[in-house]
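Subject: Structure handover

Hello,

Here is the structure that I promised to pass on. My notes on it follow below.

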Number of protein chains: 2
Amino acid sequence: MTKGLAKPSARPLFAQIEELIVDRVRAGEWKPGEPLPSESEFAQFYGVSQGTVRKAVAQMAADNLVMRFRGKGTFVVSHTDEREHSHFFHIHDDSCQKILPSSQQISCSKSRATPVIERRLQVQANAEVVVIERLRTFAGAARIFETIVVAGATFPNLCADLSESPANELYPLYESLYGIRVVRAEERLKAVAADDREAEFLGVQPGTPLLEIDRVAMTYGDVPVEWRRSRCNTADHFYLSLLR
Amino acid sequence: MTKGLAKPSARPLFAQIEELIVDRVRAGEWKPGEPLPSESEFAQFYGVSQGTVRKAVAQMAADNLVMRFRGKGTFVVSHTDEREHSHFFHIHDDSCQKILPSSQQISCSKSRATPVIERRLQVQANAEVVVIERLRTFAGAARIFETIVVAGATFPNLCADLSESPANELYPLYESLYGIRVVRAEERLKAVAADDREAEFLGVQPGTPLLEIDRVAMTYGDVPVEWRRSRCNTADHFYLSLLR
DNA sequence: GAGTGGTCTAGACCACTGT
DNA sequence: CAGTGGTCTAGACCACTCT
């Protein structure tokens, strides 16, 4: 009957509603795992039809920000969820089974951002950062040497937190201890030669080809959270990429 | 008012309509680049509401089977489209520009399927296949050595076709000459050492780390069409993978 | 102006989960 | 049972394209 908010805006109503709800999720109004208000509640609150709210929330579900269950409700996704474990991990073994590696920490220390880190993490020149080195193992064999860098300002006590409760997966920890949810990532893949240190940790000859995965993980609004460089021995494994 | 087809089926109506329309596209009722009937025509034809057709066709658009333009209509996508060029090509240079390589054919010949080809291309043991070798060049430098295998039964005259009209991109050619549309692909990435032949073509030392991309390209219904192994010198380039 | 896809509404019915 | 999300319908209006 009436157009509702009747804004002369170019953006569709459902996209505006989506943005409003995403902002509230982002602000922590509902924590990971908690239910959002129902469609009808949102519709009443924003003065739009239920169909418009549905389209907004459906888009959030497609973006993996929320999960919907018929008869139960809509819930903020959490890296703590079983099904979210290893969401960004794409290594499979040669028989095409998805791998769940264990992690062993080599070091954790504070340092200063190098130029490449400044650019990829979008931090100030010479900013304080936390650097973690880890070795990841599948089926008893060390396969990945991993260097992880996060901003010290954002994760002030990460090394202490990790020594208190060693974590196999870091993203659930970022979420539970620092309230930061990784929602997307960009990975750049190259083939490189193992240097001496990597070769020793991975038990291969220096110069052995390794698959380098250079990842920037981002939270809402494409804000970088973590830079990670994984060097993988892909003798018995591969990185799976599905294109449509 | 009425439920329409009123099937007691578990699958939603829109999904059934989608399947019916996809089957017709697949059968070639509308060729790549041609317009589909309008939403209202489909709605009348199938005896469902326009909204249900909309949902079906929207899903096809999300799967990249069709493209929709307001005021114009819905069109079967074609690899001949400008914007579909290099749709499955994910190599960028280190300044993050997407690369459009040129291709130089090294060889094209008929051969017999090896066990790995049988499995990946899902052809009979010892089936006739066409094997193409190509060298791909960016900015004057050879960067990718590529081996391509397709079923001989499906592409009987491919070598002759290629010598007649050398093609930089093969998928538009599969589509225009054989009516086969590649709609999705699975890529497996590894780091490998260059063998002597690859090293010579790529101008590197044997043993140099190369990024291997092992791709199976598929048409409708996940039927394999082509197997391709690309070995890339990633000294100045990377493979981009976006995770959400 | 007629036809296209895109948005928005309002209401009905369904399947499912909780109590 | 009331409440949730999921499907389907019917109709209105809009922005855009072609003729």
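**Around DNA strand D**

Leu13(B), Ser49(B), Gly51(B), Thr52(B) and Gly71(B) come nearest to DNA strand D, out of the 21 residues around it; a residue is near a molecule or strand if its C-beta atom, placed from the backbone, lies within 6 Å of it. Two or more residues each are given to this surface by α2 (39-46) and β2 (73-76) of chain A and by α1 and α3 of chain B. Helices (H or I, at least four residues) and strands (E, at least two) are DSSP runs, numbered from the N terminus. With three residues, α2(A) has the largest share of the surface near DNA strand D. Sorted by class, that surface has six charged, ten polar and five nonpolar residues. Here Ala, Val, Leu, Ile, Met, Phe, Trp, Tyr, Cys and Pro count as nonpolar, Asp, Glu, Lys and Arg as charged, and the others, Gly among them, as polar.

Before the rest, some conventions. This is a predicted model, in which local features need pLDDT of at least 70 and side-chain atom pairs count only at pLDDT 80 or more, while totals for chains, interfaces and linings use all residues. Residues are numbered from 1 along each chain as its sequence is written, and chains are lettered from A and ligands numbered from 1 in the order in which they are written.

**Helix α3 of chain B**

Helix α3(B) runs over residues 50-62, 13 residues in total, and spans 18 Å from its first C-alpha to its last, close to the 18 Å expected at 1.5 Å a residue. The expected span is 1.5 Å times one less than the number of residues. Its buried residues are Thr52(B), Val53(B), Ala56(B), Val57(B) and Met60(B). They lie on the same side of α3(B), because they cover an arc of only 125° around the axis; the arc is that of the directions from the helix axis to the C-beta atoms. Gly51(B) and Ala62(B), on the other side of α3(B), are exposed. A residue is buried if 20 or more other C-beta atoms lie within 10 Å of its own, exposed if 12 or fewer, and partly exposed in between, with C-beta atoms placed from the backbone. The cover over the buried residues of α3(B) includes α1 (13-26), α2 (39-46), β1 (66-69) and β2 (73-76) of chain B. After α3(B) comes Asn64(B), with a positive phi near 65°.

**The two chains**

How is chain A laid on chain B? A turn of 180° with a shift of 0.0 Å along the axis does it, at an RMSD of 0.0 Å. That is the relation of a two-fold axis. Copies are superposed by least squares on the C-alpha atoms of residues with pLDDT of at least 70 in both. The same surface serves both copies, as 100% of the contact residues of chain A recur in chain B. Two residues are in contact if their C-beta atoms, placed from the backbone, lie within 7 Å.

The contact takes 24 residues from chain A and 24 residues from chain B. On the side of chain A that touches chain B, β7 (184-193), β8 (209-219) and β10 (237-243) each supply at least two residues, and β7(A) gives the most, with ten residues. By class, this side of chain A has 14 nonpolar, three polar and seven charged residues.

Regards
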